[in-house]
Amino acid sequence: MSQTSQQYDAVVTTCRDLFSKKMKDYGSAWRILRLPSLTDQIFIKAQRIRGLQTLAESKVDEGQESEFIGIINYSIMALVQLEKGVVEQPDLTLEQSLELYDHHVAITKKLMMDKNHDYGEAWRDMRVSSLTDLILQKLLRVKQIEDNKGKTIVSEGLDANYQDMINYAIFAMIHLGQ
């Protein structure tokens with residue numbers, strides 16, 4: 001499992017680097033996004049990946065990897081929004097944003113390591129297309145929870161679903177050789 005931890009960290013480094021660069025370009029403008037808007041952004045990314053996996057031809061010269069990075073980063077933004085709430089104006093510095101990013105990655109990685117232990121790294125035998133489908137399923141669950149005003153009766157909450165999407169996207173990136 002140490003290989004998984006190292007591979008996970010390598011993917012996170014790629015994602016965090018892009019997040020940091022975008023923060024330098026745009027600041028924390030994303031802080032105004034409500035959760036359904038972030039969920040829809042993730043949905044768009046997942047649908048594009050599914051299209052790339054099923055279509056013979058792609059008209060936009062960006063592969064699955066960039067979309068999985070988007071899923072990871074938007075999901076982390078959603079976790080920050082869950083924790084801090086939506087604001088009317090950007091309110092975080094680069095350093096504050098990266099601190100929150102790292103905090104949520106650490107929690108999500110621990111969840112992955114615990115589940116990975118219990119499931120025996122079953123994800124290694126899964127196809128990238130299956131991971132994509134699981135992300136889409138999680139998105140549909142999140143949309144339903146959002147429609148229910150965040151309430152669940154027996155199911156995991158929004159945070160657990162975003163964390164699972166991050167982990168599935170990281171697994172896909174590892175499979176794709178990132």
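Residues are numbered from 1 along each chain as its sequence is written, and side-chain values use heavy atoms, with hydrogens and water left out. Because the model is predicted, local features need pLDDT of at least 70 and side-chain atom pairs count only at pLDDT 80 or more, whereas totals for chains, interfaces and linings use all residues.

The protein has six helices and zero strands, where helices (H or I, at least four residues) and strands (E, at least two) are DSSP runs numbered from the N terminus. The C-alpha trace spans about 45 × 40 × 35 Å along its principal axes. The radius of gyration is 16 Å, which agrees with the value near 16 Å for a compact globule of 178 residues; this radius is taken over C-alpha atoms, and the globule rule is 2.2 Å times the number of residues to the power 0.38. Of the 178 residues, 42% count as buried, with buried meaning under 20% relative accessible area, exposed over 50% and partly exposed in between (1.4 Å probe, protein chains only). Among contacts (heavy atoms within 4.5 Å) between residues at least 6 apart in sequence, 82% join residues at least 24 apart.

In soluble globular proteins, nonpolar side chains tend to be buried together. Neighbours within four places in sequence aside, I71 is in contact with I42, K45, A46, I49, I135, M165 and A169.

Helix α5 (residues 128–147) has 20 residues and reaches 29 Å from its first C-alpha to its last, close to the 28 Å expected at 1.5 Å a residue, the expected span being 1.5 Å times one less than the number of residues. Its buried residues include I135, L136, K138 and E146, and the cover over the buried residues of α5 includes α2 (35–54), α3 (64–84) and α6 (158–175). Just after α5, K149 takes a positive phi of about 60°.

In the loop between α4 and α5 lies A122, which is partly exposed, with a relative accessible area of 37%. Although A122 and E88 are 34 residues apart in sequence, their C-alpha atoms are 42 Å apart in space.
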